[in-house]
Amino acid sequence: ASQAEEKDLVIIGGGVAGYVAAIKAGQEGLKVACIEKRGALGGTCLNVGCIPSKSLLNNSHMYHSILHDTKNRGIDVGDVKLNLDAMMKAKDTSVSGLTKGIEFLFKKNGVEYIKGTGTFASENEIKVALNDGGETSVVGKNILIATGSESTPFPGLEFDEERVITSTGALALKKVPESMIVIGGGIIGLEMGSVWSRLGAKVTVVEFLNQIGGPGMDNEVAKSIQKLLKKQGMEFKLGTKVVSGDKTGEKIKLEVDSAKGGKPETLDAEVVLVAIGRRPYTAGLGLENIGLELDDRGRVVIDSEYRTKHSHIRCIGDCTFGPMLAHKAEEEAVAAVEYIKKGYGHVNYGVIPSVMYTHPEVAWVGQNEQELKAANIPYKVGNFPFSANSRAKTNLDTDGMVKMLADPETDRLLGCHIVGPNAGEMIAEATLALEYGASTEDIARTCHAHPTLAEAFKEAAMATYSKAIHY
Ligand code: FAD
Ligand code: NAI
(Lines give C-alpha, C1' and ligand atoms only; values in the text may rest on other atoms or scores of the structure.)
(Ligands and ions follow the chains in the order given, each with its own letter.)
Protein backbone atom coordinates (compact mmCIF):
# COMPACT_ATOMS: atom_id res chain seq x y z
CA ALA A 1 0.00 0.00 0.00
CA SER A 2 1.18 3.49 -0.64
CA GLN A 3 1.65 5.53 2.51
CA ALA A 4 -1.69 6.12 4.28
CA GLU A 5 -3.73 5.45 1.16
CA GLU A 6 -7.46 5.44 1.99
CA LYS A 7 -9.54 2.35 1.35
CA ASP A 8 -13.30 1.81 1.64
CA LEU A 9 -12.54 -1.25 3.75
CA VAL A 10 -9.41 -2.49 5.54
CA ILE A 11 -9.58 -6.05 6.87
CA ILE A 12 -7.22 -7.31 9.56
CA GLY A 13 -6.84 -11.09 9.22
CA GLY A 14 -6.97 -13.21 6.07
CA GLY A 15 -8.72 -16.26 7.55
CA VAL A 16 -12.12 -17.45 6.37
CA ALA A 17 -13.82 -14.42 7.90
CA GLY A 18 -11.32 -11.92 6.46
CA TYR A 19 -10.70 -13.39 3.02
CA VAL A 20 -14.38 -13.97 2.27
CA ALA A 21 -15.19 -10.40 3.32
CA ALA A 22 -12.34 -9.16 1.09
CA ILE A 23 -13.59 -11.02 -1.98
CA LYS A 24 -17.20 -9.99 -1.37
CA ALA A 25 -16.13 -6.35 -0.90
CA GLY A 26 -14.16 -6.50 -4.16
CA GLN A 27 -17.23 -7.90 -5.93
CA GLU A 28 -19.31 -5.05 -4.51
CA GLY A 29 -16.88 -2.52 -6.00
CA LEU A 30 -15.30 -1.41 -2.71
CA LYS A 31 -11.62 -0.46 -2.57
CA VAL A 32 -10.35 -3.10 -0.16
CA ALA A 33 -7.10 -4.23 1.49
CA CYS A 34 -6.60 -7.36 3.59
CA ILE A 35 -3.72 -7.60 6.06
CA GLU A 36 -2.47 -11.09 6.96
CA LYS A 37 0.65 -11.94 8.93
CA ARG A 38 0.84 -15.71 8.46
CA GLY A 39 2.44 -15.56 5.02
CA ALA A 40 -0.50 -17.46 3.53
CA LEU A 41 -4.20 -16.71 3.20
CA GLY A 42 -6.99 -18.89 4.58
CA GLY A 43 -6.24 -18.56 8.31
CA THR A 44 -6.54 -21.41 10.77
CA CYS A 45 -9.10 -23.22 8.63
CA LEU A 46 -7.03 -23.67 5.48
CA ASN A 47 -3.56 -23.79 7.00
CA VAL A 48 -3.88 -25.65 10.31
CA GLY A 49 -7.57 -26.46 10.77
CA CYS A 50 -10.46 -27.72 8.65
CA ILE A 51 -8.48 -28.58 5.52
CA PRO A 52 -5.35 -30.40 6.75
CA SER A 53 -7.40 -32.25 9.40
CA LYS A 54 -9.84 -33.51 6.78
CA SER A 55 -6.99 -34.64 4.55
CA LEU A 56 -5.52 -36.72 7.41
CA LEU A 57 -8.96 -37.96 8.45
CA ASN A 58 -9.74 -39.13 4.93
CA ASN A 59 -6.40 -40.83 4.31
CA SER A 60 -6.08 -42.39 7.77
CA HIS A 61 -9.59 -43.78 7.32
CA MET A 62 -8.57 -45.35 4.00
CA TYR A 63 -5.46 -46.86 5.61
CA HIS A 64 -7.46 -48.22 8.54
CA SER A 65 -10.13 -49.63 6.21
CA ILE A 66 -7.55 -51.33 4.01
CA LEU A 67 -6.01 -52.91 7.10
CA HIS A 68 -9.22 -54.02 8.77
CA ASP A 69 -12.15 -53.90 6.40
CA THR A 70 -11.33 -55.59 3.09
CA LYS A 71 -11.66 -59.36 3.55
CA ASN A 72 -15.45 -59.38 3.88
CA ARG A 73 -15.63 -57.23 0.74
CA GLY A 74 -13.79 -59.80 -1.34
CA ILE A 75 -10.57 -57.86 -1.58
CA ASP A 76 -7.34 -59.59 -0.60
CA VAL A 77 -4.56 -57.12 -0.05
CA GLY A 78 -0.87 -57.79 0.43
CA ASP A 79 1.59 -55.98 2.59
CA VAL A 80 -0.03 -52.71 3.71
CA LYS A 81 2.39 -50.08 4.98
CA LEU A 82 1.97 -46.58 6.24
CA ASN A 83 4.10 -43.89 4.59
CA LEU A 84 3.49 -41.06 7.01
CA ASP A 85 5.76 -38.65 5.11
CA ALA A 86 3.74 -39.13 1.93
CA MET A 87 0.45 -38.80 3.84
CA MET A 88 1.67 -35.48 5.26
CA LYS A 89 2.79 -34.35 1.78
CA ALA A 90 -0.67 -35.11 0.37
CA LYS A 91 -2.10 -32.92 3.15
CA ASP A 92 0.36 -30.11 2.37
CA THR A 93 -0.53 -30.27 -1.33
CA SER A 94 -4.25 -29.84 -0.53
CA VAL A 95 -3.47 -26.91 1.75
CA SER A 96 -1.15 -25.04 -0.60
CA GLY A 97 -3.46 -25.54 -3.59
CA LEU A 98 -6.32 -23.94 -1.69
CA THR A 99 -4.38 -21.07 -0.10
CA LYS A 100 -2.89 -20.13 -3.49
CA GLY A 101 -6.38 -20.31 -4.94
CA ILE A 102 -7.42 -17.52 -2.58
CA GLU A 103 -4.49 -15.35 -3.67
CA PHE A 104 -5.78 -15.81 -7.22
CA LEU A 105 -9.31 -14.82 -6.14
CA PHE A 106 -7.89 -11.70 -4.45
CA LYS A 107 -6.27 -10.66 -7.74
CA LYS A 108 -9.41 -11.46 -9.69
CA ASN A 109 -11.52 -9.28 -7.39
CA GLY A 110 -9.07 -6.40 -7.02
CA VAL A 111 -8.23 -7.02 -3.35
CA GLU A 112 -4.90 -5.64 -2.13
CA TYR A 113 -3.10 -8.29 -0.05
CA ILE A 114 -0.73 -6.82 2.54
CA LYS A 115 1.59 -9.35 4.16
CA GLY A 116 2.25 -8.19 7.69
CA THR A 117 0.91 -7.61 11.20
CA GLY A 118 -1.72 -4.90 11.59
CA THR A 119 -2.07 -2.68 14.66
CA PHE A 120 -4.53 0.15 15.27
CA ALA A 121 -2.63 3.47 15.25
CA SER A 122 -5.91 5.38 15.46
CA GLU A 123 -9.60 4.72 14.79
CA ASN A 124 -9.04 4.87 11.04
CA GLU A 125 -5.39 4.07 10.55
CA ILE A 126 -3.74 0.66 10.69
CA LYS A 127 0.03 0.41 10.94
CA VAL A 128 1.46 -2.70 9.34
CA ALA A 129 4.78 -4.29 10.30
CA LEU A 130 5.56 -5.97 6.99
CA ASN A 131 6.69 -9.62 6.98
CA ASP A 132 9.58 -8.66 4.69
CA GLY A 133 10.71 -5.90 7.03
CA GLY A 134 9.72 -2.27 7.09
CA GLU A 135 6.40 -0.70 7.85
CA THR A 136 3.45 0.77 6.00
CA SER A 137 0.07 2.10 6.96
CA VAL A 138 -3.44 2.05 5.52
CA VAL A 139 -6.43 4.20 6.30
CA GLY A 140 -9.90 2.71 6.12
CA LYS A 141 -13.32 4.38 5.99
CA ASN A 142 -14.40 1.02 7.38
CA ILE A 143 -12.30 -1.51 9.27
CA LEU A 144 -13.05 -5.18 9.85
CA ILE A 145 -11.37 -7.12 12.65
CA ALA A 146 -11.12 -10.81 11.71
CA THR A 147 -8.13 -12.02 13.71
CA GLY A 148 -9.53 -15.43 14.68
CA SER A 149 -8.62 -17.67 17.60
CA GLU A 150 -5.88 -19.80 19.13
CA SER A 151 -5.68 -23.00 21.21
CA THR A 152 -6.39 -22.52 24.91
CA PRO A 153 -3.24 -23.52 26.82
CA PHE A 154 -3.26 -25.92 29.75
CA PRO A 155 -1.55 -24.32 32.76
CA GLY A 156 1.78 -25.94 33.54
CA LEU A 157 2.02 -27.92 30.29
CA GLU A 158 3.82 -25.72 27.83
CA PHE A 159 3.26 -26.49 24.15
CA ASP A 160 6.35 -27.68 22.26
CA GLU A 161 4.28 -29.10 19.35
CA GLU A 162 6.18 -32.40 19.53
CA ARG A 163 5.31 -33.98 22.88
CA VAL A 164 2.76 -31.53 24.26
CA ILE A 165 0.80 -30.48 21.23
CA THR A 166 -2.13 -28.41 20.03
CA SER A 167 -4.10 -29.41 16.95
CA THR A 168 -1.31 -27.79 14.91
CA GLY A 169 1.26 -30.24 16.24
CA ALA A 170 -1.24 -33.07 15.81
CA LEU A 171 -1.39 -32.25 12.09
CA ALA A 172 2.37 -32.61 11.68
CA LEU A 173 3.75 -35.38 13.93
CA LYS A 174 6.82 -36.99 12.35
CA LYS A 175 6.06 -40.48 13.62
CA VAL A 176 3.11 -42.36 15.05
CA PRO A 177 3.42 -42.20 18.85
CA GLU A 178 2.96 -45.40 20.77
CA SER A 179 0.54 -43.66 23.13
CA MET A 180 -1.38 -40.38 23.11
CA ILE A 181 -3.55 -38.77 25.76
CA VAL A 182 -6.07 -36.26 24.52
CA ILE A 183 -7.17 -33.70 27.10
CA GLY A 184 -10.69 -32.69 26.08
CA GLY A 185 -13.19 -34.91 24.26
CA GLY A 186 -14.57 -32.14 22.01
CA ILE A 187 -14.39 -32.01 18.24
CA ILE A 188 -10.63 -31.49 17.92
CA GLY A 189 -9.88 -34.24 20.43
CA LEU A 190 -12.12 -36.76 18.67
CA GLU A 191 -11.07 -35.88 15.10
CA MET A 192 -7.32 -35.79 15.76
CA GLY A 193 -7.59 -38.66 18.25
CA SER A 194 -9.24 -40.71 15.47
CA VAL A 195 -6.42 -39.94 13.04
CA TRP A 196 -3.66 -41.15 15.35
CA SER A 197 -5.65 -44.07 16.70
CA ARG A 198 -6.23 -45.30 13.12
CA LEU A 199 -2.53 -44.92 12.36
CA GLY A 200 -1.65 -47.11 15.35
CA ALA A 201 -1.36 -44.99 18.52
CA LYS A 202 -3.09 -46.07 21.71
CA VAL A 203 -5.34 -43.05 22.27
CA THR A 204 -7.00 -42.20 25.59
CA VAL A 205 -9.40 -39.27 25.76
CA VAL A 206 -9.79 -37.58 29.15
CA GLU A 207 -12.94 -35.47 29.32
CA PHE A 208 -14.12 -33.35 32.21
CA LEU A 209 -17.84 -33.74 31.43
CA ASN A 210 -19.76 -37.01 31.41
CA GLN A 211 -20.24 -36.76 27.66
CA ILE A 212 -17.95 -36.42 24.65
CA GLY A 213 -18.54 -34.22 21.59
CA GLY A 214 -18.23 -30.74 23.05
CA PRO A 215 -21.03 -28.19 23.15
CA GLY A 216 -24.20 -28.80 21.11
CA MET A 217 -24.06 -32.53 20.48
CA ASP A 218 -27.28 -34.40 21.32
CA ASN A 219 -26.82 -36.69 24.36
CA GLU A 220 -28.10 -39.78 22.61
CA VAL A 221 -25.89 -39.16 19.58
CA ALA A 222 -22.86 -38.54 21.81
CA LYS A 223 -23.37 -41.90 23.55
CA SER A 224 -23.74 -43.62 20.22
CA ILE A 225 -20.55 -42.19 18.66
CA GLN A 226 -18.61 -42.89 21.85
CA LYS A 227 -19.52 -46.59 21.59
CA LEU A 228 -18.46 -46.66 17.95
CA LEU A 229 -15.14 -44.91 18.60
CA LYS A 230 -14.48 -47.29 21.50
CA LYS A 231 -15.04 -50.22 19.13
CA GLN A 232 -12.35 -48.67 16.91
CA GLY A 233 -9.89 -48.74 19.82
CA MET A 234 -10.13 -45.32 21.46
CA GLU A 235 -10.38 -45.26 25.24
CA PHE A 236 -12.41 -42.75 27.24
CA LYS A 237 -12.16 -41.43 30.75
CA LEU A 238 -15.23 -39.27 31.25
CA GLY A 239 -16.10 -37.17 34.28
CA THR A 240 -12.33 -36.84 34.72
CA LYS A 241 -10.40 -33.65 35.15
CA VAL A 242 -6.71 -33.23 34.38
CA VAL A 243 -5.32 -31.39 37.39
CA SER A 244 -1.66 -31.01 36.49
CA GLY A 245 0.99 -32.23 34.08
CA ASP A 246 4.70 -32.95 34.16
CA LYS A 247 6.80 -33.21 31.01
CA THR A 248 10.24 -33.59 32.58
CA GLY A 249 10.40 -37.40 32.28
CA GLU A 250 10.62 -39.63 29.21
CA LYS A 251 6.84 -39.89 29.22
CA ILE A 252 4.46 -37.07 30.03
CA LYS A 253 2.63 -37.58 33.31
CA LEU A 254 -0.82 -36.26 34.05
CA GLU A 255 -2.52 -36.14 37.42
CA VAL A 256 -6.24 -36.66 36.98
CA ASP A 257 -9.13 -36.44 39.40
CA SER A 258 -12.64 -37.67 39.07
CA ALA A 259 -14.60 -34.48 38.34
CA LYS A 260 -16.82 -35.34 41.30
CA GLY A 261 -13.82 -35.54 43.64
CA GLY A 262 -13.00 -39.30 43.56
CA LYS A 263 -9.58 -40.96 43.73
CA PRO A 264 -6.72 -39.16 41.97
CA GLU A 265 -4.78 -41.16 39.38
CA THR A 266 -1.61 -40.71 37.30
CA LEU A 267 -1.71 -41.32 33.56
CA ASP A 268 1.24 -41.21 31.18
CA ALA A 269 1.79 -41.06 27.45
CA GLU A 270 4.40 -40.31 24.81
CA VAL A 271 2.36 -37.41 23.43
CA VAL A 272 -0.35 -35.25 25.00
CA LEU A 273 -2.79 -33.36 22.79
CA VAL A 274 -4.39 -30.43 24.58
CA ALA A 275 -7.82 -29.84 23.05
CA ILE A 276 -9.77 -27.98 25.72
CA GLY A 277 -11.19 -25.29 23.45
CA ARG A 278 -10.02 -22.24 21.53
CA ARG A 279 -9.95 -18.61 22.64
CA PRO A 280 -10.25 -15.38 20.64
CA TYR A 281 -6.96 -13.97 19.37
CA THR A 282 -6.49 -10.20 19.49
CA ALA A 283 -2.91 -9.93 20.79
CA GLY A 284 -0.90 -7.12 19.22
CA LEU A 285 -3.92 -5.54 17.54
CA GLY A 286 -3.64 -2.46 19.70
CA LEU A 287 -7.32 -2.44 20.71
CA GLU A 288 -6.27 -0.45 23.77
CA ASN A 289 -5.14 2.38 21.44
CA ILE A 290 -8.74 2.91 20.36
CA GLY A 291 -10.49 1.99 23.61
CA LEU A 292 -12.20 -1.20 22.38
CA GLU A 293 -13.22 -3.61 25.06
CA LEU A 294 -13.24 -7.40 25.23
CA ASP A 295 -15.76 -9.43 27.23
CA ASP A 296 -14.73 -11.81 30.04
CA ARG A 297 -13.89 -14.52 27.48
CA GLY A 298 -11.71 -12.25 25.38
CA ARG A 299 -14.26 -11.68 22.61
CA VAL A 300 -14.53 -8.34 20.84
CA VAL A 301 -17.86 -6.81 21.85
CA ILE A 302 -20.18 -6.05 18.89
CA ASP A 303 -23.85 -5.32 18.17
CA SER A 304 -26.17 -7.21 15.83
CA GLU A 305 -24.65 -5.46 12.79
CA TYR A 306 -21.11 -6.53 13.84
CA ARG A 307 -20.28 -2.92 14.90
CA THR A 308 -17.97 -2.22 17.79
CA LYS A 309 -18.59 0.96 19.74
CA HIS A 310 -16.81 2.77 16.90
CA SER A 311 -19.49 2.12 14.31
CA HIS A 312 -17.12 2.01 11.30
CA ILE A 313 -15.07 -0.76 12.99
CA ARG A 314 -16.71 -4.15 12.75
CA CYS A 315 -15.67 -7.61 13.94
CA ILE A 316 -16.59 -11.13 12.74
CA GLY A 317 -15.48 -14.77 13.00
CA ASP A 318 -13.77 -16.62 15.84
CA CYS A 319 -12.62 -13.46 17.67
CA THR A 320 -16.20 -12.48 18.52
CA PHE A 321 -19.43 -14.19 19.67
CA GLY A 322 -20.91 -17.45 18.38
CA PRO A 323 -19.64 -20.88 17.42
CA MET A 324 -16.03 -21.04 16.19
CA LEU A 325 -16.83 -22.50 12.79
CA ALA A 326 -15.54 -21.63 9.34
CA HIS A 327 -18.98 -21.54 7.70
CA LYS A 328 -20.28 -19.25 10.46
CA ALA A 329 -17.34 -16.89 9.79
CA GLU A 330 -18.10 -17.03 6.07
CA GLU A 331 -21.77 -16.11 6.54
CA GLU A 332 -20.80 -13.21 8.77
CA ALA A 333 -18.25 -11.99 6.22
CA VAL A 334 -20.88 -11.65 3.51
CA ALA A 335 -23.39 -10.06 5.90
CA ALA A 336 -20.84 -7.55 7.28
CA VAL A 337 -19.93 -6.36 3.78
CA GLU A 338 -23.63 -6.09 2.93
CA TYR A 339 -24.17 -3.92 6.01
CA ILE A 340 -21.33 -1.67 4.89
CA LYS A 341 -22.44 -1.46 1.25
CA LYS A 342 -26.24 -1.68 1.48
CA GLY A 343 -27.16 -1.11 5.11
CA TYR A 344 -28.67 -4.55 5.65
CA GLY A 345 -27.42 -8.12 5.95
CA HIS A 346 -28.53 -11.37 7.56
CA VAL A 347 -27.26 -14.53 9.29
CA ASN A 348 -29.66 -17.05 10.80
CA TYR A 349 -27.79 -18.17 13.93
CA GLY A 350 -30.46 -20.78 14.70
CA VAL A 351 -29.55 -22.69 11.56
CA ILE A 352 -25.79 -23.24 11.61
CA PRO A 353 -24.83 -26.87 11.05
CA SER A 354 -22.05 -28.66 12.93
CA VAL A 355 -20.12 -31.63 11.59
CA MET A 356 -17.59 -33.89 13.27
CA TYR A 357 -15.59 -35.73 10.61
CA THR A 358 -14.92 -38.99 12.46
CA HIS A 359 -16.08 -42.29 11.01
CA PRO A 360 -18.97 -42.45 11.09
CA GLU A 361 -19.50 -38.71 10.89
CA VAL A 362 -21.69 -36.82 13.34
CA ALA A 363 -23.71 -33.86 12.13
CA TRP A 364 -26.46 -31.74 13.54
CA VAL A 365 -28.45 -28.58 13.06
CA GLY A 366 -31.08 -26.82 15.16
CA GLN A 367 -31.95 -27.75 18.71
CA ASN A 368 -31.02 -31.00 20.45
CA GLU A 369 -33.20 -33.01 22.79
CA GLN A 370 -31.58 -31.79 26.03
CA GLU A 371 -31.95 -28.15 24.92
CA LEU A 372 -35.64 -28.61 24.11
CA LYS A 373 -36.21 -30.30 27.49
CA ALA A 374 -34.36 -27.54 29.36
CA ALA A 375 -36.42 -24.86 27.58
CA ASN A 376 -39.70 -26.73 28.21
CA ILE A 377 -40.43 -26.84 24.49
CA PRO A 378 -42.68 -29.77 23.56
CA TYR A 379 -41.33 -32.03 20.78
CA LYS A 380 -41.80 -35.37 19.05
CA VAL A 381 -38.98 -37.65 17.91
CA GLY A 382 -38.46 -39.77 14.79
CA ASN A 383 -35.50 -42.13 14.37
CA PHE A 384 -34.23 -44.21 11.49
CA PRO A 385 -31.18 -46.50 11.78
CA PHE A 386 -28.70 -46.88 8.90
CA SER A 387 -28.87 -50.65 9.49
CA ALA A 388 -32.29 -50.48 7.79
CA ASN A 389 -31.05 -48.39 4.84
CA SER A 390 -30.33 -50.31 1.64
CA ARG A 391 -27.35 -48.22 0.51
CA ALA A 392 -25.66 -48.42 3.92
CA LYS A 393 -26.19 -52.21 3.75
CA THR A 394 -24.59 -52.50 0.30
CA ASN A 395 -21.70 -50.37 1.54
CA LEU A 396 -21.31 -52.57 4.65
CA ASP A 397 -21.34 -49.32 6.61
CA THR A 398 -24.47 -49.46 8.75
CA ASP A 399 -23.55 -47.88 12.10
CA GLY A 400 -25.60 -44.89 13.22
CA MET A 401 -28.99 -43.27 12.79
CA VAL A 402 -30.91 -40.16 11.80
CA LYS A 403 -32.89 -38.50 14.58
CA MET A 404 -35.43 -35.76 13.97
CA LEU A 405 -37.11 -33.48 16.47
CA ALA A 406 -40.28 -31.64 15.51
CA ASP A 407 -43.05 -29.54 16.99
CA PRO A 408 -45.91 -31.91 18.00
CA GLU A 409 -48.58 -29.34 17.01
CA THR A 410 -47.30 -27.91 13.73
CA ASP A 411 -44.87 -30.72 12.75
CA ARG A 412 -42.25 -28.05 12.00
CA LEU A 413 -38.69 -29.42 12.12
CA LEU A 414 -36.82 -28.22 15.24
CA GLY A 415 -33.57 -30.12 14.94
CA CYS A 416 -31.85 -32.98 13.18
CA HIS A 417 -29.03 -35.12 14.58
CA ILE A 418 -27.21 -37.70 12.52
CA VAL A 419 -24.50 -40.17 13.33
CA GLY A 420 -23.67 -42.20 10.27
CA PRO A 421 -21.88 -42.46 6.95
CA ASN A 422 -21.89 -39.15 5.05
CA ALA A 423 -23.76 -37.36 7.86
CA GLY A 424 -21.81 -34.19 7.04
CA GLU A 425 -23.24 -34.03 3.51
CA MET A 426 -26.72 -35.13 4.54
CA ILE A 427 -27.04 -32.37 7.13
CA ALA A 428 -27.24 -29.84 4.29
CA GLU A 429 -30.71 -31.15 3.51
CA ALA A 430 -31.83 -30.74 7.12
CA THR A 431 -30.30 -27.26 7.18
CA LEU A 432 -32.28 -26.22 4.10
CA ALA A 433 -35.45 -27.74 5.57
CA LEU A 434 -34.96 -25.84 8.82
CA GLU A 435 -34.16 -22.58 7.01
CA TYR A 436 -37.34 -22.92 4.93
CA GLY A 437 -39.43 -23.85 7.99
CA ALA A 438 -40.30 -27.28 6.60
CA SER A 439 -42.44 -29.80 8.46
CA THR A 440 -41.26 -33.40 8.70
CA GLU A 441 -44.18 -34.29 6.41
CA ASP A 442 -42.77 -31.87 3.79
CA ILE A 443 -39.50 -33.81 3.94
CA ALA A 444 -41.18 -37.21 3.97
CA ARG A 445 -43.26 -36.33 0.88
CA THR A 446 -40.16 -35.24 -1.04
CA CYS A 447 -39.00 -38.01 -3.40
CA HIS A 448 -35.48 -39.25 -2.58
CA ALA A 449 -33.40 -41.30 -5.03
CA HIS A 450 -32.97 -45.02 -4.35
CA PRO A 451 -30.69 -46.51 -3.13
CA THR A 452 -29.11 -43.59 -1.27
CA LEU A 453 -28.10 -42.88 2.31
CA ALA A 454 -30.37 -39.83 2.12
CA GLU A 455 -33.37 -42.17 2.16
CA ALA A 456 -32.56 -42.67 5.86
CA PHE A 457 -33.18 -38.94 6.26
CA LYS A 458 -36.54 -39.17 4.49
CA GLU A 459 -37.55 -42.22 6.55
CA ALA A 460 -36.63 -40.50 9.82
CA ALA A 461 -39.00 -37.72 8.73
CA MET A 462 -41.68 -40.34 7.97
CA ALA A 463 -41.12 -41.80 11.44
CA THR A 464 -41.61 -38.35 12.96
CA TYR A 465 -44.95 -37.49 11.38
CA SER A 466 -46.23 -41.02 10.67
CA LYS A 467 -44.33 -44.33 10.31
CA ALA A 468 -41.17 -45.32 8.46
CA ILE A 469 -41.64 -48.00 5.80
CA HIS A 470 -38.43 -49.98 6.25
CA TYR A 471 -38.18 -50.06 10.05
P1 FAD B 1 -8.74 -17.55 11.58
O2 FAD B 1 -8.96 -18.60 10.57
O3 FAD B 1 -8.04 -17.91 12.82
O4 FAD B 1 -7.98 -16.37 10.82
C5 FAD B 1 -7.49 -15.25 11.45
C6 FAD B 1 -6.25 -14.79 10.73
O7 FAD B 1 -5.88 -13.50 11.21
C8 FAD B 1 -5.04 -15.69 10.95
O9 FAD B 1 -4.54 -16.17 9.72
C10 FAD B 1 -4.02 -14.78 11.66
O11 FAD B 1 -2.69 -15.03 11.23
C12 FAD B 1 -4.47 -13.41 11.23
N13 FAD B 1 -4.12 -12.34 12.17
C14 FAD B 1 -4.35 -12.29 13.51
N15 FAD B 1 -3.93 -11.11 14.02
C16 FAD B 1 -3.42 -10.39 12.99
C17 FAD B 1 -2.87 -9.08 12.88
N18 FAD B 1 -2.76 -8.29 13.94
N19 FAD B 1 -2.44 -8.69 11.66
C20 FAD B 1 -2.54 -9.48 10.56
N21 FAD B 1 -3.08 -10.71 10.62
C22 FAD B 1 -3.53 -11.17 11.81
N23 FAD B 1 -14.37 -25.19 11.37
C24 FAD B 1 -15.27 -25.74 10.55
O25 FAD B 1 -16.28 -25.11 10.24
N26 FAD B 1 -15.10 -27.01 10.04
C27 FAD B 1 -14.03 -27.76 10.35
O28 FAD B 1 -13.89 -28.88 9.88
C29 FAD B 1 -13.05 -27.19 11.22
N30 FAD B 1 -11.95 -27.90 11.55
C31 FAD B 1 -11.03 -27.35 12.38
C32 FAD B 1 -9.93 -28.11 12.74
C33 FAD B 1 -8.97 -27.60 13.59
C34 FAD B 1 -7.78 -28.44 13.95
C35 FAD B 1 -9.12 -26.27 14.08
C36 FAD B 1 -8.08 -25.68 14.98
C37 FAD B 1 -10.22 -25.50 13.73
C38 FAD B 1 -11.18 -26.04 12.89
N39 FAD B 1 -12.33 -25.32 12.52
C40 FAD B 1 -13.26 -25.90 11.71
C41 FAD B 1 -12.56 -23.95 12.99
C42 FAD B 1 -12.15 -22.94 11.92
O43 FAD B 1 -10.80 -23.15 11.57
C44 FAD B 1 -12.36 -21.51 12.41
O45 FAD B 1 -13.68 -21.35 12.86
C46 FAD B 1 -12.08 -20.50 11.32
O47 FAD B 1 -10.76 -20.62 10.86
C48 FAD B 1 -12.33 -19.07 11.83
O49 FAD B 1 -12.01 -18.15 10.86
P50 FAD B 1 -11.49 -16.68 11.25
O51 FAD B 1 -11.21 -16.04 9.94
O52 FAD B 1 -12.41 -16.05 12.19
O53 FAD B 1 -10.13 -16.90 12.03
P1 NAI C 1 -14.49 -27.98 22.39
O2 NAI C 1 -15.05 -26.84 23.12
O3 NAI C 1 -15.24 -28.59 21.27
O4 NAI C 1 -14.17 -29.16 23.41
C5 NAI C 1 -13.33 -29.03 24.51
C6 NAI C 1 -13.63 -30.13 25.51
O7 NAI C 1 -12.62 -30.12 26.52
C8 NAI C 1 -14.96 -29.93 26.23
O9 NAI C 1 -15.72 -31.11 26.08
C10 NAI C 1 -14.55 -29.66 27.67
O11 NAI C 1 -15.48 -30.15 28.61
C12 NAI C 1 -13.21 -30.36 27.77
N13 NAI C 1 -12.30 -29.86 28.81
C14 NAI C 1 -12.02 -28.56 29.12
N15 NAI C 1 -11.11 -28.50 30.11
C16 NAI C 1 -10.78 -29.78 30.44
C17 NAI C 1 -9.88 -30.38 31.40
N18 NAI C 1 -9.11 -29.66 32.20
N19 NAI C 1 -9.80 -31.73 31.47
C20 NAI C 1 -10.57 -32.49 30.63
N21 NAI C 1 -11.43 -31.98 29.73
C22 NAI C 1 -11.53 -30.65 29.61
O23 NAI C 1 -13.01 -27.50 21.92
P24 NAI C 1 -11.95 -28.11 20.90
O25 NAI C 1 -12.22 -29.55 20.65
O26 NAI C 1 -10.63 -27.71 21.41
O27 NAI C 1 -12.26 -27.33 19.56
C28 NAI C 1 -12.29 -25.91 19.53
C29 NAI C 1 -13.21 -25.43 18.47
O30 NAI C 1 -12.67 -25.62 17.18
C31 NAI C 1 -14.53 -26.18 18.44
O32 NAI C 1 -15.43 -25.67 19.38
C33 NAI C 1 -15.00 -25.91 17.05
O34 NAI C 1 -15.65 -24.67 17.05
C35 NAI C 1 -13.71 -25.80 16.25
N36 NAI C 1 -13.50 -27.04 15.47
C37 NAI C 1 -14.46 -27.45 14.59
C38 NAI C 1 -14.31 -28.60 13.87
C39 NAI C 1 -15.40 -29.03 12.97
O40 NAI C 1 -16.29 -28.25 12.70
N41 NAI C 1 -15.35 -30.25 12.44
C42 NAI C 1 -13.11 -29.43 13.98
C43 NAI C 1 -12.18 -28.92 14.95
C44 NAI C 1 -12.38 -27.75 15.62
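How exposed is E220, in terms of relative accessible area? E220 is partly exposed, at 34%; here buried means under 20% relative accessible area, exposed over 50%, and partly exposed in between, with a 1.4 Å probe and protein chains only. This is a predicted model, so local features need pLDDT of at least 70 and side-chain atom pairs count only at pLDDT 80 or more, while totals for chains, interfaces and linings use all residues. Residues are numbered from 1 along each chain as its sequence is written, chains are lettered from A and ligands numbered from 1 in the order in which they are written, and side-chain values use heavy atoms, leaving out hydrogens and water.

**Salt bridges**

- The whole structure holds 23 salt bridges, each being a side-chain nitrogen of Lys or Arg within 4 Å of a carboxyl oxygen of Asp or Glu.
- E220 pairs with K403 in one of them, with the closest N and O atoms 2.6 Å apart. This pair links distant parts of the chain, as E220 sits in helix α7 (residues 219-231) and K403 in strand β20 (residues 401-406), 183 residues apart. Helices (H or I, at least four residues) and strands (E, at least two) are DSSP runs, numbered from the N terminus.
- K403 counts as buried, at 0% relative accessibility. Shared partners join D218, E220, E369 and K403 into one network of salt bridges.
- D69 and R73 also meet through their side chains (3.0 Å, N to O). D69 is partly exposed at 25%, and R73 is partly exposed at 33%.
- D79 and K81 form another salt bridge (3.7 Å, N to O). D79 is exposed at 67%, and K81 is exposed at 69%.

**Around ligand 1**

- There are 35 residues around ligand 1, and E36, T44, K54, G118 and A326 come nearest; a residue counts as near if one of its heavy atoms lies within 4 Å.
- A polar side-chain atom of E36 lies 2.7 Å from an oxygen atom of ligand 1, and a polar side-chain atom of D318 lies 2.9 Å from an oxygen atom of ligand 1.
- Taken alone, ligand 1 exposes 1,000 Å², and the protein buries 94% of that; such areas come from the Shrake-Rupley method with a 1.4 Å probe, and for residues only the protein chains shown count as cover.
- Helix α2 gives the most to this shell, with 4 residues.
- By type, the shell around ligand 1 divides into 14 nonpolar, 15 polar and 6 charged residues. Ala, Val, Leu, Ile, Met, Phe, Trp, Tyr, Cys and Pro count as nonpolar, Asp, Glu, Lys and Arg as charged, and the others, Gly among them, as polar.

**Around ligand 2**

- Ligand 2 is surrounded by 24 residues, of which E191, E207, G277, M324 and V355 are the closest.
- A backbone N or O atom of M324 lies 2.6 Å from an oxygen atom of ligand 2, while a polar backbone atom of V355 is 2.7 Å from a nitrogen atom of ligand 2.
- On its own, ligand 2 exposes 850 Å², of which the protein buries 81%.
- The largest share of the shell around ligand 2, 3 residues, comes from α6.
- This shell has 15 nonpolar, 5 polar and 4 charged residues.

How values were computed. A polar contact is a pair of N or O atoms within 3.5 Å; within protein, one must be able to donate a hydrogen and the other to accept it, and residues adjacent in sequence count only if both atoms are side-chain atoms.
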